[in-house]
Amino acid sequence: MIRPTKPEDAAALIAVANTIGFEPNELEYLSKILADYFDGNSDNDPFWITDDDDKDGPVGVAYCEPERMTDQTWNLQLIAIRADYQGQGRGGKLLCYVEETLKARGGRMLLVETLASFDRTRKFYAKCGYEEEARIRDFYTAGADKIVFRKVLNAD
């Protein structure tokens with residue numbers, strides 16, 4: 001079941017990020033922004049979505065926030081499915097839920113970024129209708145390019 005994230009999901013969602021290879025400093029940052037979200041300490045209008053499995057609890061997460069100083073452009077900052085649940089279509093369903101949530105809020109465009117070396121992730125976004133919009137060479141470190149994907153949600 002895909003639903004809005006609840007405070008009691010926090011530890012499980014951090015664990016999901018851990019299982020897909022997030023570094024300790026990244027996990028710490030995720031914990032902070034999740035805590036800020038539930039404390040109402042965010043200066044924009046982000047949202048978190050949870051994929052909750054009936055028997056195992058939270059197995060997926062998405063985090064999205066608006067791009068400042070734009071007209072309804074949003075950034076998907078995180079989407080992750082626990083490794084043992086990948087390949088079941090859950091990521092696509094979670095992304096579709098995010099898109100529908102944004103459309104209902106008047107969202108116009110969704111951007112997502114990933115590492116150029118993440119072939120599987122890039123194929124996932126292309127399969128979901130995203131187009132590669134930009135490449136920033138050496139963004140993360142020397143030799144680690146950032147790829148930005150884009151999807152128009154409401155063409156009005």
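**Aromatic rings, polar contacts and backbone angles**

Tyr130 counts as buried, at 4% relative accessibility; buried means under 20% relative accessible area, exposed means over 50%, and partly exposed is in between, with a 1.4 Å probe and protein chains only. The model is predicted: local features need pLDDT of at least 70, side-chain atom pairs count only at pLDDT 80 or more, and totals for chains, interfaces and linings use all residues. Residues are numbered from 1 along each chain as its sequence is written, and side-chain values use heavy atoms, with hydrogens and water left out.

Aromatic rings come next. A pair of aromatic rings is described by the distance of the centres and the angle of the planes. Rings of Phe, Tyr and Trp (its six-membered ring) pair if their centres lie within 6.5 Å; planes under 30 degrees apart are stacked, those over 60 are edge-to-face, and the rest are tilted. The count by this rule is seven aromatic pairs. Tyr125 is buried, its relative accessible area being 4%. Tyr125 also pairs with Phe149; this pair is tilted, at 5.6 Å centre to centre and 40 degrees between the planes. The pair links distant parts of the chain, 24 residues apart: Tyr125 is in helix α4 (residues 119-127) and Phe149 in strand β7 (residues 144-152). Helices (H or I, at least four residues) and strands (E, at least two) are DSSP runs, numbered from the N terminus. Both Tyr125 and Phe149 are buried. One aromatic cluster is formed by Phe124, Tyr125, Tyr130 and Phe149.

Strand β6 (residues 131-141) contains Ile136, which is partly exposed at a relative accessible area of 37%. Ile136 forms a nonpolar surface patch with Phe139 and Tyr140, and together they have about 270 Å² of accessible area. Such patches are made of residues with over 30% relative accessible area and no salt bridge; like charges are joined within 9 Å, and nonpolar side chains (Val, Leu, Ile, Met, Phe, Trp, Tyr) within 5 Å. Accessible areas come from the Shrake-Rupley method with a 1.4 Å probe, and for residues only the protein chains shown count as cover. A salt bridge is a side-chain nitrogen of Lys or Arg within 4 Å of a carboxyl oxygen of Asp or Glu. Lys146 lies over the face of Phe139, 4.0 Å from the ring centre; a charge sits over a ring if NZ of Lys or CZ of Arg is within 6 Å of the ring centre and within 35 degrees of the ring normal.

Most residues other than glycine have a negative phi. Asp138, in strand β6, has a positive phi of about 60 degrees although it is not a glycine. Asp138 is partly exposed, with a relative accessible area of 46%. Met69 also has a positive phi, near 60 degrees, and lies in the loop between β3 (57-66) and β4 (73-81). Met69 counts as exposed, at 88% relative accessibility.

Two polar contacts remain. A polar contact is a pair of N or O atoms within 3.5 Å; within protein, one must be able to donate a hydrogen and the other to accept it, and residues adjacent in sequence count only if both atoms are side-chain atoms. Thr73, in strand β4, is buried at 6% relative accessibility, and its side chain makes a polar contact of 3.0 Å with that of Arg108. Arg90 is in helix α3 (residues 90-104) and is buried, with a relative accessible area of 15%. The side chains of Arg90 and Asp51 are joined by a polar contact of 2.8 Å.
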